[in-house]
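Colleague: I'd like a close look at one part of this structure. Which helix gives the largest share of the shell around the ligand?

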Amino acid sequence: MAADLILALDQGTTSSRAIAFGRDGRPVATAQQPFEQRFPQPAHVTHDPEALWSSQLAVAREVVAAVGGPERVAAIGITNQRETTVVWDRATGAPVADAIVWQSRITAARCEALRASGLEPLFRERTGLTLDAYFSGPKIAHILDAAPGLRERAEGGELAFGTVDTFLLWRLTGGHVHATDPSNASRTLLFDIRRLAWDDELLGHVGVPRPVLPDIRPTSGILGETRPELFGRAIPIAALAGDQQAATFGQVAFAPGEVKNTYGTGAFLLLNSGTRPVASEHGLLSTVLWQLAPGAPASYALEGSVFMAGAAVQWLRDGLRAIATAPDVEALAASVEDTGGVYLVPAFTGLGAPHWDPYARGTLIGLTRGTGLPEIARATLESIAYQVTDVVEAMVADGAPRPTALRVDGGAAANDLLMQLQADVLDVPVERPAVLETTALGAAYLAGLAIGFWRDQAELGATWALDRRFEPAMAASRRERLLDGWHRAVERSKGWARPE
Ligand code: ADP
């Protein structure tokens, strides 16, 4: 049997997915498994690393079986929820603690202390990031300080750190390869995004011992092979990429100025800024998109990270029990013409870009006796569109041209009402591709390029196909009124949980 497929492993925040793609960039087989979200205390979120591994392995095996066996898989590409931090024992491979998830605010005080020491400009300049609890470095320090002896063991080289790409790579290769790529490393606050190397000065400030860190390898390139017993054959692993960068690649946003937005648990808007990082003055991040070969220049993005997008819909489902499944939100929200002046600011774990307030909390405001679940459902969808609009406006304020179209993907991009609301409040057409799984597709593309499965980026560009385009249709006066209400609601959500 010829190896005619690339297998993408997409380890997301709420589920592990595996998708096999053919040469035409279309999915051939898919499997998905959710896993437990742990909330040990308010605004702290963890995952069991063993659950990440076992769910990811199970879906990968399911897809390999579905396509008829491992001989059909030419290579594996890994993409992952970013920033989520795992520390494990190099000798046994066993995690020393639960993974701290990107959404967790557990390190807010650590970040505040670094800021109080006047270090924000240094971190900003060197890493492109703000000193926020979002990023991995302080999460590593938190894990090492949470139990006696761990820090000493880390300094002695007994422990390994990885974002989820690195942890999966380690497990898939039986502990032979401890590596990450610049797209993931650039989310740690420990990585110099120009030199593409770990930075000892930053490591010292954050309190992370150098021996825990993985090697840096290109985003696209052969890293090693899977242990033969996992799939019945050793399969090359040929890409590692953070999920948002992978989605940007899957949307074939290869040219400077191209923009994509992913509506998953959070919403992540990335603008390709070319081969030089752009410093933001409006609350955006500067981050590595990818490095396609050893020694090659990296591509960079200006990024707006919104923490709660689809997760706000999950709250409607699980917290309020207003809907049975996430897609049900569309009919409920569409049952009313407007929210009647109600706004939801879904700052359940603080606010990310462009506000960066870890102490903001969820705010439901403008309630009247006429407010019911339909208005709240609609306000929830609107909040997603408003947050993305704020990020685009920040990019424009940073000097980026206003996008001529917004390419979208992610689970919540299936929601037509949300996509129309987005086109309306942003006043920019929204383009939804035929393949919504662009994160997995991007990982497959990156792996396939590394082994010559696809020739070049031009060949990939030809595979992108439109599903539907949503044209803006809202009167300017209404848009301005809605955005004004939204911004007043955001102001009221800020600082709510500030420690006394
Ligand atoms: P992730 O990769 O972050 O786990 P996905 O891209 O799988 O996320 O998207 C899942 C998210 O999208 C969930 O938060 C879910 O609530 C939301 N979602 C899924 N379908 C819809 C829908 N039709 N309308 C609105 N939100 C949805």
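Modeller: That's helix α11 (residues 310-319), which supplies four residues, the largest share of the shell around the ligand. (Helices are DSSP runs of H or I with at least four residues, strands are runs of E with at least two, and both are numbered from the N terminus.) Keep in mind that this is a predicted model: local features need pLDDT of at least 70, side-chain atom pairs count only at pLDDT 80 or more, and totals for chains, interfaces and linings use all residues. Residues are numbered from 1 along each chain as its sequence is written, and side-chain values use heavy atoms, with hydrogens and water left out.

Now the shell itself. There are 16 residues around the ligand, and Thr14, Thr265, Gly310, Gly411 and Asn415 come nearest; to be near, a residue needs a heavy atom within 4 Å. By class, the shell has nine polar, six nonpolar and one charged residues. (Ala, Val, Leu, Ile, Met, Phe, Trp, Tyr, Cys and Pro count as nonpolar, Asp, Glu, Lys and Arg as charged, and the others, Gly among them, as polar.)

Let's zoom in on the ligand's oxygen atoms. Thr14 puts a polar side-chain atom 2.7 Å from one. An N or O atom in the side chain of Gln314 is 3.2 Å from an oxygen atom of the ligand, while Ala311 uses a backbone N or O atom, at 3.4 Å. A polar contact here is a pair of N or O atoms within 3.5 Å. Taken alone the ligand exposes 580 Å², and the protein buries 86% of that (areas by the Shrake-Rupley method with a 1.4 Å probe).

Next, a look at a sheet. Seven strands form an open, mixed sheet in the order β18-β19-β17-β16-β22-β23-β24. Strands β18 (285-290) and β24 (466-470) stand at the edges with a single partner each, so one side of each has no neighbour in the sheet. Two strands pair if DSSP finds at least two bridges between them. Strands β17 (residues 267-274) and β19 (residues 299-306) are antiparallel and share seven bridges; Leu271, for example, has Leu302 in β19 as its bridge partner.

Note on methods:
Polar contact = N/O pair within 3.5 Å; in protein donor to acceptor, adjacent residues only side chain to side chain.
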